[in-house]
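Q: I am new to this model. Can you take me through it step by step?
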There are 2 protein chains.
Amino acid sequence: MFKTNEYFDGNVKSIAFETAEGPATLGVMAAGEYVFGTSTIEHMTVVSGSMQVQQPGETEWKTYQPFDTFIVAKDVKFKVKMSGDTAYRCLYK
Amino acid sequence: MFKTNEYFDGNVKSIAFETAEGPATLGVMAAGEYVFGTSTIEHMTVVSGSMQVQQPGETEWKTYQPFDTFIVAKDVKFKVKMSGDTAYRCLYK
């Protein structure tokens, strides 16, 4: 019914679902640093833990806490890192 | 790495992870009505969609929206219902 996906040898795992605003995933990342590519605009909301984010073309890392949202452009790569399990919700626009 | 669980024929699916405050799950429920039993105190936070909740011994249903939290006692049953996919974070205390 709900499809799960694993990335980075299982260090990132997500469940796909639908929202009133379109498709979304709910996921968890283990401690580490990851690069993701986007194919839509993504609205990422931290749900647990703390996530550092480096937007494309930037050198600065910004830190997001539970229920903070950041937006990533379409067709770019962005970096995230965390020091412990971190949960997120991602809306695809 | 992250363990997933399915309940109610796959209509509820969750991923287990750790938080600074203890064990947690992140999950999604499809439209329907479900009864859950608790074995710890649970702090449930809605992450997407809308969840109606009937606490044990109550007849009233209360509605929770994204980032609202409700607390359920240990060793009880509680009911939830929703009209579309609804995502949650659950902390076990």
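Q: Which strand order does the open sheet of four strands in chain A have?
A: Strands are DSSP runs (E, at least two residues), numbered from the N terminus. Two strands pair if DSSP finds at least two bridges between them. In this predicted model, the open sheet has the order β4-β9-β6-β7 in chain A, with antiparallel pairing. β4 (32-37) and β7 (62-64) of chain A stand at the edges; each has a single partner strand, so one side of each lacks a neighbour in the sheet. The twist averages 30° from one strand to the next, with axes as lines fitted to C-alpha atoms and angles from 0 to 180 degrees between N-to-C directions.

Q: How many bridges join β4(A) to β9 of chain A?
A: Six bridges join β4(A) to β9 (residues 77-82), and the two run antiparallel. A:E33 stands opposite A:K81 in β9(A).

Q: How many helices and strands does chain A have?
A: Chain A has zero helices and 10 strands. Its radius of gyration is 12 Å, close to the 12 Å of the globule rule for 93 residues, so chain A is as compact as a globular protein of that length. That radius is taken over C-alpha atoms; the rule is 2.2 Å times the number of residues to the power 0.38.

Q: What share of the 93 residues in chain A is buried?
A: Buried means under 20% relative accessible area (1.4 Å probe, protein chains only). Buried residues make up 45% of chain A.

Q: How are the numbering and the cut-offs set?
A: Residues count from 1 along each chain as its sequence is written, and chains are lettered from A, ligands numbered from 1, in the order written. Local features need pLDDT of at least 70, side-chain atom pairs count only at pLDDT 80 or more, totals for chains, interfaces and linings use all residues, and side-chain values use heavy atoms, leaving out hydrogens and water.

Terms used: Buried < 20%, exposed > 50% of the residue type's maximum accessible area, 1.4 Å probe, protein only.
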